[in-house]
Amino acid sequence: MRSTMGRRQPLVGRRDEIRVVEDLIEAARLGRGGALVLNGEAGIGKSALLEHAQRAASGFLQVRAHGSQFESELPFATLHQLDRQLRAPGSGGGLSDRHRAVLDVAFGLAAGPPDVARIGLAALELMTTAARERPLLCVVDDAHWLDAASLRALAFTARRVSADPVVLLMAARPSGAAGALGELPGLDIGRLGDSDALALLETVDRAPLDEQVRAQIVAESRGNPLALLHPPATAGYATASASPMPNRIEQGFRDRLAALPRPSRLLLTIASADPTGDPGLLWAAAQQVGLDVTTTGEAAAASGLVTFSTRVRFCHPLARSAVYLAADDPQRRTAHHALAEVTDPELDPDRRAWHRAAASAGPDEDVAAELQRSASRARSRGGTVAAAAFLERAAELSLIPGNRIKRTIAAAQARFDIGALDTATALLATLDHTRLEDGRHADADLLRGRIAFARHHDQEGANFMIRASRRLATADPKRSRECLLDALETSVAAGRPDGVLDLILAEARSSAPVGRAPESLDILDALPQLAGGDYRTAMPLLRKTLQEHATALCATRPSLAVIISVSLCDPDAYAAITEQLLEAGRKSGSPITLRLALAQVASSAVLSGDVGRAMAAIAEEEAITDATDGEPVLYHRLHLAAIRGRRKEAMELIETARAALGARGTDQLIANVHWAAALLHNGLSEYPAAFTAARQLIGHDDVFISSLALPELVEAAARCGKHDEATAALETLTVLAEANATDTALGVTAYARGLVTGDEEHYREAVHRLEKSPALPYRARAHLLYGEWLRRENRRKECRPQLRTAHTLLSEAGMEAFAGRAAGELLATGEKTRGRLRPAHDQLTMQEMHIARLVAAGGTSIEVANRLFISRRTVDAHLRNILRKLDITSRRQLGNWPDLRTGAP
């Protein structure tokens, strides 16, 4: 059979698939972008459809890249292929300075801190700016072999190109990279029917075949086009094989390889080991091993397995893998060694290190050290997967025991960071514990503890971390206490699992205080007192900690900083901590810190009655979550829905949160579910349901949320006539408020006391104290409760001003259920509430609210796009919807809405 390389094969039996692809391209001509993943087994025709798309997209700017099995752990390898095509060397290609710098750091072309959350946005801008003059078609073959960093960036981009003339077309096998690719629109490419398979076979330029042989080839191909175009040498003559189709296709490629002379096979092995397809590297590496490039190259090209042009290209990805796997270990090591020798150590140090590692037959400390340096570079660019792979291989090649231990623990930490818990555990199991010094043993135990927490083996996780603390108690008391703080931070970040906090705090009580860090002095002394209900001792210590060490605490243990500030019942302290976290997150670019900060900004805004700010913060947090493939967070959305009092929305979120708890709950999520339910039902005057939720919350004994839980329990119990329960909750609330001594705590306690005693002076005190509080919802509720009490005392004239104030404050704050209570009370006095300008947050989605606030504050479309990780055209599309919903014609008019004038988080 003569080679079919370079000949355009007709697409037989793919009418529906062609229509889908061409519809996507035609939509892009009209300015509507989209993405599509072609899913199918090897050889099924995905690459042929990609080539058809390129032919159909006449007039488009076109770029093409491919994933590589041998680069799947090198960060941004595939994205770099696209970048080189979309922006010429030395030019910006239309990119902003910030995003040009982000990509240069990611690709290792510039030094600087990584901005992991913005790499996807930079890739989006790279494509959308390239598409300004004509539509862009971006084709990515073998997407199942994409490195994780490129896959995240491309999936992020694919979800955001709908407003731009960009088509992102990818092809992947169903078994690979299912997570991120599976979220994108997909098209399954199935096998050909017998008639289509026979028609395709007839297009192959070969010696005539009789009917029986043709039928046998069709049967053996099982509808796989590549098996028809590149059958094994025995096709049509041997008994049909039961082996998987990719294996049989690869066998056909191996048959062709076996017919080549050994030098040509070595040349192809070198080509298969270099996924860049750079002919300059290939010919230099071939000369490195003494090959005659002219003779060997001609024979290799004649096989039809490969073409040599401006790029070295195998006829199919399976041909590349067949060649590589057909070589024995010495041949592969020779190939990698030659490639390492000719790879520039300055321009491409990581790929050179990877080749050197693949060429190593045994331990090599020099190579291990080079891999460790590559791991550092990869981690600095956000390539945690690559860092883990480099470190793991470095540990394997280490000769010096101390270096091997250090690199093994570092590799395990990197594997843990990417969620590969089993691999991390297996790496730690390889450590020889008899040779571990206490410091390294503690490092290993701390990591085992984090792994256990991640697996929800919380008791085991706490035990590991306590063990690490005990190992260091004598030799390094300060670090011993730090281990307990690490355990606390991990426990809080994991959601404060049941019983674990008590276990850690019990150890803190018994641990030696000598040499402990200043910030650990107060926290580890205060929290056991807080857990024991000794608020008068605990609260001053916690307040002192935040006053003296807030910056350090936010930087090293942000979850603890947040939870401590909440427990103080001080909205100003809580807001200050959230602002510090937000500033630290924006400065560092850390998605974890930024997401935590924005979630807390939302919750803080809820407590201050700024619904618009809460919506904006939630929208940005969700954008970062999507951009970084993070796990969704629910508690701040629960808080917002509950305080707004929208039953349907809030109950749906509450049920979602309860379902997320499953068989294993955490104190944090359970507490937030119960508090949200109690707040919602109190607002709706559904006091029995509020009482049940609040009692469950108090019974759960969450030491950090008492200041929020107790007022809801007092109100619900008092309304239900459960005097004893209301009195008991009031007593605890009083002790807590006096220990905190803030106007907010004392004011809320005052109206709670009024509910229990019926004494007007307590309502007056509440109104007076809360006038000084930034906690608008509680200030408004004080007026509401006082007005309700006055009306029930038949003091109709006196109650109206309190109820009017309550209704105005509650309405402006978006607390619809509580505002409804105030309106109902006013109606009972014979007074109707006046109509009002609907606030913007009543009419806009969360994302629209964030965009409107940013634009009202003077933000440009590009600045808004950068904040929300979307394209400029998408921002403009949202802005048109915002103007329509608010019935205005200019972005300047957005400032007419009070809840849009305060900017955004």
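Which residues lie nearest the centre of the largest cavity? They are Cys 569, Asp 570, Ser 707, Leu 708 and Thr 744, and they belong to a lining of 20 residues. The model examined here is a predicted one.

**The cavities**

There are five cavities of 30 Å³ or more in the model. The largest cavity holds about 190 Å³ of space. Several helices give two or more residues to its lining, namely α28 (558-567), α29 (571-588), α36 (706-719), α37 (723-740) and α38 (743-757). By residue type, the lining of the largest cavity consists of 14 nonpolar residues, five polar ones and one charged one.

**The chain as a whole**

The protein chain has 905 residues, and 58% of them are buried. Its secondary structure comes to 45 helices and seven strands. Among contacts in the chain with a separation of 6 or more, 67% are between residues 24 or more positions apart.

Helix α12 covers residues 262-273, which is 12 residues. From its first C-alpha to its last it reaches 17 Å, close to the 16 Å expected at 1.5 Å a residue. Nine of the 12 residues of α12 are buried, which leaves the helix mostly covered. Among the buried residues are Leu 266, Leu 267, Leu 268 and Ile 270, and also Ser 264, Thr 269 and Ser 272.

Helix α24 covers residues 477-493. Its 17 residues should span 24 Å at 1.5 Å a residue, and its end C-alpha atoms are 24 Å apart, so the two values agree. Because 13 of the 17 residues of α24 are buried, this helix is largely enclosed by the rest of the structure.

**Buried residues inside helices**

Ala 424 is placed in helix α21 (residues 421-429). Ala 424 counts as buried because its relative accessibility is 0%, and a residue is buried when the value is under 20%. Along the chain Ala 424 is 12 residues from Ala 412, yet the two C-alpha atoms are 4.2 Å apart in space. Leaving aside neighbours within four places in sequence, Ala 424 is in contact with Ala 412, Arg 415, Phe 416 and Ile 451.

Ala 782 is found in helix α40 (residues 776-792). Its relative accessibility is 1%, so Ala 782 is also classed as buried. The C-alpha atom of Ala 782 is 5.7 Å from that of Val 767, and the two residues are 15 residues apart along the chain. With neighbours within four places in sequence left aside, Ala 782 is in contact with Tyr 751, Ala 766, Val 767 and Leu 770.

Asn 682 lies in helix α34 (residues 667-683). Asn 682 is buried, because its relative accessibility is 0%. Not counting residues up to four places away in sequence, Asn 682 touches several residues, including Tyr 687, Glu 712, Glu 715, Arg 781, Phe 818 and Arg 821.

**Residues in loops**

Ser 871 lies in the loop between α44 (861-868) and α45 (872-885). Is Ser 871 buried or exposed? Its relative accessible area is 3%, so Ser 871 is buried. The side chain of Ser 871 makes a polar contact with the side chain of Thr 874, at 2.9 Å. Beyond its neighbours within four places in sequence, Ser 871 is in contact with Leu 124, Thr 128, Arg 160, Asp 164 and Ala 865.

Phe 869 also lies in the loop between α44 and α45. Most residues other than glycine have a negative phi. Phe 869 is not a glycine, but its phi is positive, at about 60°. Phe 869 is buried, with a relative accessible area of 1%.

Asn 794 has a positive phi near 60° as well, and it is a residue other than glycine. This residue lies in the loop between α40 and α41 (796-812). Asn 794 counts as exposed because its relative accessibility is 70%, and the exposed class begins over 50%.

**Relative accessibility of the named residues**

| Residue | Relative accessibility | Class |
|---|---|---|
| Ser 871 | 3% | buried |
| Ala 424 | 0% | buried |
| Ala 782 | 1% | buried |
| Asn 682 | 0% | buried |
| Asn 794 | 70% | exposed |
| Phe 869 | 1% | buried |

Methods. Residues numbered from 1 in each chain as written. Predicted model: local features only at pLDDT ≥ 70, side-chain atom pairs only at ≥ 80, totals over all residues. Heavy atoms only, no water. 1 Å grid on protein atoms, 1.4 Å probe; cavity = no way out; pocket = protein on both sides within 12 Å on 5 of 7 lines; lining within 4 Å. Points joined across faces, edges and corners; volume = space filled by probe spheres on them. Helix = DSSP H or I, 4+ residues; strand = E, 2+ residues; numbered from the N terminus. Nonpolar A, V, L, I, M, F, W, Y, C, P; charged D, E, K, R; others polar. Buried < 20%, exposed > 50% of the residue type's maximum accessible area, 1.4 Å probe, protein only. Polar contact = N/O pair within 3.5 Å; in protein donor to acceptor, adjacent residues only side chain to side chain. Contact = heavy atoms within 4.5 Å. Expected span 1.5 Å × (residues − 1).
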